[in-house]
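Visitor: Please show me the model, and then let us discuss how its chains meet.

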There are 2 protein chains.
Amino acid sequence: MQMTTEKMLSTAALNSWKLVIGRLDAAIAPLTHEQLQRQVAQGKNRLLYLVGHLTAVHDRMFPLLGLGERLHPELDEIYITNPDRALPDPASDLKQAWSEVNTRLTAAFEKLTPQQWLEKHTAVSDEDFAKDPTRNRLAVLLSRTNHAAFHTGQAALVK
Amino acid sequence: MQMTTEKMLSTAALNSWKLVIGRLDAAIAPLTHEQLQRQVAQGKNRLLYLVGHLTAVHDRMFPLLGLGERLHPELDEIYITNPDRALPDPASDLKQAWSEVNTRLTAAFEKLTPQQWLEKHTAVSDEDFAKDPTRNRLAVLLSRTNHAAFHTGQAALVK
């Protein structure tokens, strides 16, 4: 089946997301709880903090992109509002939360049409969106992909 | 003027590139030669190496995307083939090369239509492209944007 130009374009963006998440996932999955305590550089964030941070930021995409309720709102205070080591880590399995959020999110992304990718996200008003239609779902996807790549570069410093 | 769906989609990808490059550029521009000698973490790449590396990788996009001759092929050996500090830095101004490459590249990107973004890049054969049409210019742009974000995350560790 031949894809339309529109579908090819949105698929390229989605593939880029899947590539970045897949690489980070492959790097994180084999790490023990102890290995996740390592800092990316002296005095900087622990790998575990990055996992929590990215899980929380990605989880927020469910409501931001109008894709349903989020799964782990309890992570925001520890991994977004506060810096690393300010609050204790939750007893729950962060690696599992990370995997669950990304799997469900990616499944929801797969269902969006190119036109739906260009619809406004929920953090922009109708009025502002009319002035600037680039504030769409796709811009959020690309921004979060870059954000995940940004922290992947930091995680890659840990040997 | 109303943009087509196709144009909106490719513009989102180009905006994402411009955002990442713009942020990195703003971080690099004010740094002195001495500040560029700092390592992103102990024993890791210097900021100057990252600037040279990204300049060389981006410069290679001219021929890779069929956008003309590259400007600085001499950087490959120092900043791609070899690791940091294996070879001496060139006497030329790397910050200027970085800026020039990105400016010219972005100007060339601006001229591509959505259909041209979906054309094959020059490192894939006609036969392979027929099997996998996702190996297009847009995939390269998104990949290089993620690559730049990856190293931006490392550069951000330097205070």
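This is a predicted model: local features need pLDDT of at least 70, side-chain atom pairs count only at pLDDT 80 or more; totals for chains, interfaces and linings use all residues.

Guide: Residues are numbered from 1 along each chain as its sequence is written, chains are lettered from A and ligands numbered from 1 in the order in which they are written, and side-chain values use heavy atoms, with hydrogens and water left out.

Visitor: How much area do chain B and chain A bury between them?

Guide: Contact means heavy atoms within 4.5 Å, and 31 residues of chain B are in contact with 31 residues of chain A. Buried area is the accessible area (1.4 Å probe) lost when two parts are put together, summed over both. Of this area 73% lies on carbon and sulfur atoms, and the total is about 2,600 Å².

Visitor: How many salt bridges does the rule find across the interface of chain B and chain A?

Guide: A salt bridge requires a side-chain nitrogen of Lys or Arg within 4 Å of a carboxyl oxygen of Asp or Glu. Over all chains the count comes to 21. Across the interface of chain B and chain A, the number is 0.

Visitor: At what angle do the axes of helix 1 of chain A and helix 8 of chain B cross?

Guide: Helices are DSSP runs (H or I, at least four residues), numbered from the N terminus. Axes are lines fitted to C-alpha atoms over the stretch in contact, with angles from 0 to 180 degrees between N-to-C directions. The two axes come within 10 Å and cross at roughly 35°.

Visitor: Which residue meets Asp84(A) in a salt bridge?

Guide: Asp84(A) lies in the loop between helix 4 and helix 5 of chain A and its partner in the loop between helix 1 and helix 2, so the pair ties together parts 38 residues apart in sequence. At 2.7 Å, N to O, the partner is Arg46(A).

Conventions: Helices (H or I, at least four residues) and strands (E, at least two) are DSSP runs, numbered from the N terminus.
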